[in-house]
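Colleague: Could you walk me through part of this model, strand by strand?
Modeller: Gladly, here it is.
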Amino acid sequence: MTKTGIVHIVYGGGKGVLELTQEAAKGGTSEAGDQFGHALAVYDADLDGCSDLAIGSPYEDNGTVVDVGRVLVVYGSATGLGAGKATANYHQGAAPLTGATSEPQDLMGYSLAAGKSSTGVPFLAVGVPGEDRGAAIDAGSVIYFSGATTVTSAGIDQDDAKAGEVPDTAESYDRFGTSLAATPTHLAVGAPGESEGTLADAGSVTIFSHTLVSGVPKPLSVITQNTPNVGNASQAGDGFATSLAAVPHREAGATSTTESLLVVGIPGEDLGTITDAGAVQVFRLDAAGAYTQTGWIDQNSTNVLSVSEPGDHFGQRVAAVNTAVNDVSTPTETRMAIGVPGEDGSNGVADRGQVQIMPLIGSPGTSDVLIAPGAGMPLDEPRMYVGLSIAAGPAGFYVGAPYGSAAARAVYLYPHNVTSSGAPTQTFKPGEGSIPADAVTFGTAVR
C-alpha cells in the first residue's frame, strides 16, 4: 500500500530501534494514503517521567468519510514506547471528541504542538486545517487537549468567543491550524491562507495563552504583515505562517520566563521582482501576547550566506532552540534553522535544497551557517528538496533528506553551532543501525 506511513524510533544510547505502524501502535488499521507520521510531537502526556509520542495521520478515512484524520498518543514506559499505558486514539466523533463531526478533508493531525504549560499541565494542540466552519470552506480549526490524569479537549477557530474574541474571522481557505508552535507560555496558530482584503493567501498567526477560559485557551493577539509595527507588507501568496517555531525567552535580569521568541516562515514572499524567494520574521511575545518584531531575514540580508532567487522558498520550514539553562537568550544558545527546499546548487543542480542555521537574536549574518547536499551533507542530486524536514532537539538540528536516490535518503544531526559545510555528528540511514533498508521517504517528518 502506498503512502500508508510508518514511524521509526531510534532510541538514544544505542538501545535499538522501534518501527511503529498503526497496528503496532494499537491505533487502527493501516490503509493506503493515510500518511501516518505526517506530523510528530514529543511530550510527557501523563507526567510519569517518560517521553510520549503524538502521531498525526491527517489523511485517515473514517468509514466512507475520506481524509478525516486522527491522532494517536503512544505512551512511553521504562521498557520503551508503547510497552505500558494503552494508546490514546483521538478522532472526531469519539470520546473525548464526541461533540465534533467528521467531515471529508478535515485533515485532523496535519500539524501538532505539545509540551507542558508554565503551570505544569501537559498539552497537545492538533491542527485541523481542512475544517469547514458553516459556509466557510477549509477555514480550519485547532483541537486543544489538556491534562495528565483527566484529559479535556476543546476546539478553537477564528470565530470562537468562549475564551474571549479571537482577533480574526473564519473565512474560506484560511486553513487555520496548518502550522503550530508552542512554549510553556504561548500557543501560536498559523493560517497561511488568510486573506488581507483582496490579497489571497497573505497569511496570519494568532497567539493564545495556555490559560483556559471555559476550557478554551485564551486568545491574545494576531499578527500579519499589515498589523502595526510589522516590517514589510502583506502580498498575495506570501503564505505568512506557513511554518512556525517558538522557544522560551527571558531577558537578562528577569526572575522568571514569561516571554517567547516566535519564528514565522514566509516562503512565498517576493523580494522586488524575485518571486517566491521567501523570508523569515522573528517576534518577541510578552505574557499578554503583545509582540515586537526583532528580526527580518532573507538571503539578501547583510552577511547572510547565499542569494535570494526565484522559487527558493526560504522559510518553508523553520525550527528553533534555546539551550540556555535559565532561558536567557544569547546568540550561541538561541538558534534557528531555516529550510530552503527550492534552492538550486551553484553547479546548476535544480531544487537540491539547503538549510541555513543562524542566531535568533542579534544580526543573523554574524554566525550564519549553510548545510546543503555536497556541503556538509553527502551527495548532491537534483530535487532532493533539503529543508522540507527539519527539527530542533537538545543535541542539535535534525535535517531530513527523504527524496532523491536511495543512497541519499537519511536524517542528519548537526550541532546547533556547526560550522558551514560541517559534517553531521550522527547519521540515521535505512539499512544501517538496524533501520530497515526498505524505509521509503525516510525522514519526511523528524522529531
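Modeller: S7 and S8 form a hairpin with five residues between them, and Gly120 in the turn has a positive phi of about 90°. Strands here are DSSP runs of E of at least two residues, numbered from the N terminus. This is a predicted model, in which local features need pLDDT of at least 70 and side-chain atom pairs count only at pLDDT 80 or more, while totals for chains, interfaces and linings use all residues. Residues are numbered from 1 along each chain as its sequence is written, and side-chain values use heavy atoms, with hydrogens and water left out.
Colleague: How many bridges join S7 to S8?
Modeller: Six, with the two strands running antiparallel; pairing requires that DSSP finds at least two bridges between two strands. Leu112 has Val126 of S8 as its bridge partner.
Colleague: And what is the bridge partner of Val126 in S9?
Modeller: That is Ile143, and S8 pairs with S9 (residues 141-146) in the antiparallel sense over six bridges.
Colleague: Why is S8 largely enclosed?
Modeller: Because seven of its seven residues, 122-128, are buried, meaning under 20% relative accessible area with a 1.4 Å probe, protein chains only. In a regular strand the side chains alternate between the two faces of the sheet. In S8 both faces are covered, with Pro122, Leu124, Val126 and Val128 buried on one side and Phe123, Ala125 and Gly127 buried on the other.
Colleague: Switching topic, where does Ser301 lie?
Modeller: Ser301 is in the loop between S18 (291-297) and S19 (318-322), and at 14% relative accessibility it counts as buried. Its side chain reaches the backbone nitrogen of Asp298 at 3.0 Å.

Key. Buried < 20%, exposed > 50% of the residue type's maximum accessible area, 1.4 Å probe, protein only. Helix = DSSP H or I, 4+ residues; strand = E, 2+ residues; numbered from the N terminus. Polar contact = N/O pair within 3.5 Å; in protein donor to acceptor, adjacent residues only side chain to side chain.
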